[in-house]
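Here's a quick briefing to read alongside the sequence and the 3D view. Take a look at the fold first, then work through the notes below.

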Amino acid sequence: MKTIIASAALLLCATASARNLKITVSDLRSDKGRILWYIHGDARPRQGMEKPESGSVAFSAEDFTADSVTLYLFHDENGNYRLDRRDDGKPAEGCCTRAIVLSAEKNEIRVRLRYEFPEEPAGEAAETPARAKIPAATSPTGTPDELDRGSE
């Protein structure tokens, strides 16, 4: 009986320390496609996609036990489940990377995507941004798909 009570107390403590996160993405360039997102840094990564409406989208991810996580998201306007790149290697679609410190109380953040990535001035050595990969995710059809990491 003592084991059952101790197990229940541990379960309640673990549930009480879980944190939820609400994310609002605003000022989208269009309502085409989907917003694809991935959050890692916790024992269980979360991912999803949302349909934009009226230039914004809001979603929630729940039950984080870590003190901080990293959010990756991009506006997949053409629906190919990839962050498209221009000829110079810079993102062609809006994207964002954000480190988030989670508090014990309310965790709500607002995010604006970056759509503009200026050309490098002529004559200077232009470096292509690193194309870091986030861990493999699962696309909506259930097949593995790697999402490119964008920058904010």
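This is a predicted model: local features need pLDDT of at least 70, side-chain atom pairs count only at pLDDT 80 or more; totals for chains, interfaces and linings use all residues.

A disulfide here is a pair of cysteine sulfur atoms within 2.5 Å. By that test, the structure holds 0 disulfides. Residues are numbered from 1 along each chain as its sequence is written, and side-chain values use heavy atoms, with hydrogens and water left out.

**Cysteines**

- Cys 95 is in no disulfide, and the nearest cysteine sulfur, on Cys 96, sits 7.7 Å away.
- Likewise, Cys 96 is in no disulfide, with the sulfur of Cys 95 as its nearest cysteine sulfur at 7.7 Å.
- Cys 95 has a relative accessible area of 0%, so it is buried (buried means under 20% relative accessible area, exposed over 50%, partly exposed in between, using a 1.4 Å probe and protein chains only).
- Cys 96 counts as buried too, because its relative accessibility is 0%.

**The three-strand sheet**

- An open sheet of 3 strands runs in the order β4-β1-β7, with mixed pairing. Strands (E, at least two residues) are DSSP runs, numbered from the N terminus, and two of them pair if DSSP finds at least two bridges between them.
- β4 and β7 stand at the edges with a single partner strand each, so one side of each has no neighbour in the sheet.
- On average, neighbouring strands in this sheet are turned by 20° against each other, direction ignored (axes are lines fitted to C-alpha atoms, and angles run from 0 to 180 degrees between N-to-C directions).
- β1 (residues 19-26) is largely enclosed by the rest of the structure, because 6 of its 8 residues are buried.
- β1 and β4 (residues 57-64) run antiparallel and are joined by 6 bridges. In that pairing, Ile 23 has Phe 59 of β4 as its bridge partner, while Arg 19 stands opposite Phe 64 in β4.
- With β7 (residues 108-112), β1 pairs in the parallel sense over 5 bridges.

- Thr 24 lies in strand β1 and stands opposite Arg 110 in β7.
- Thr 24 counts as buried, because its relative accessibility is 16%.
- Thr 24 and Ala 58 are 34 residues apart in sequence, yet 4.2 Å apart in space, C-alpha to C-alpha.

**The four-strand sheet**

- Another open sheet is formed by 4 strands in the order β3-β2-β5-β6, and its pairing is antiparallel.
- β3 (46-50) and β6 are the edge strands, each pairing on one side only.
- Neighbouring strands here are turned by 15° against each other on average, direction ignored.
- β2 (residues 34-40) pairs with β3 in the antiparallel sense over 5 bridges, and Leu 36 has Met 49 of β3 as its bridge partner.

- Asp 84 sits in the loop between β5 (68-76) and β6 (95-101).
- Asp 84 is buried yet has no salt bridge, and the nearest side chain of opposite charge, Arg 82, is 6.9 Å away. A salt bridge is a side-chain nitrogen of Lys or Arg within 4 Å of a carboxyl oxygen of Asp or Glu; for charge, Lys and Arg count as positive and Asp and Glu as negative, with His and the chain ends not counted.
- The side chain of Asp 84 does make a polar contact with the side chain of Asn 78, at 2.6 Å (a pair of N or O atoms within 3.5 Å; within protein, one must be able to donate a hydrogen and the other to accept it, and residues adjacent in sequence count only if both atoms are side-chain atoms).
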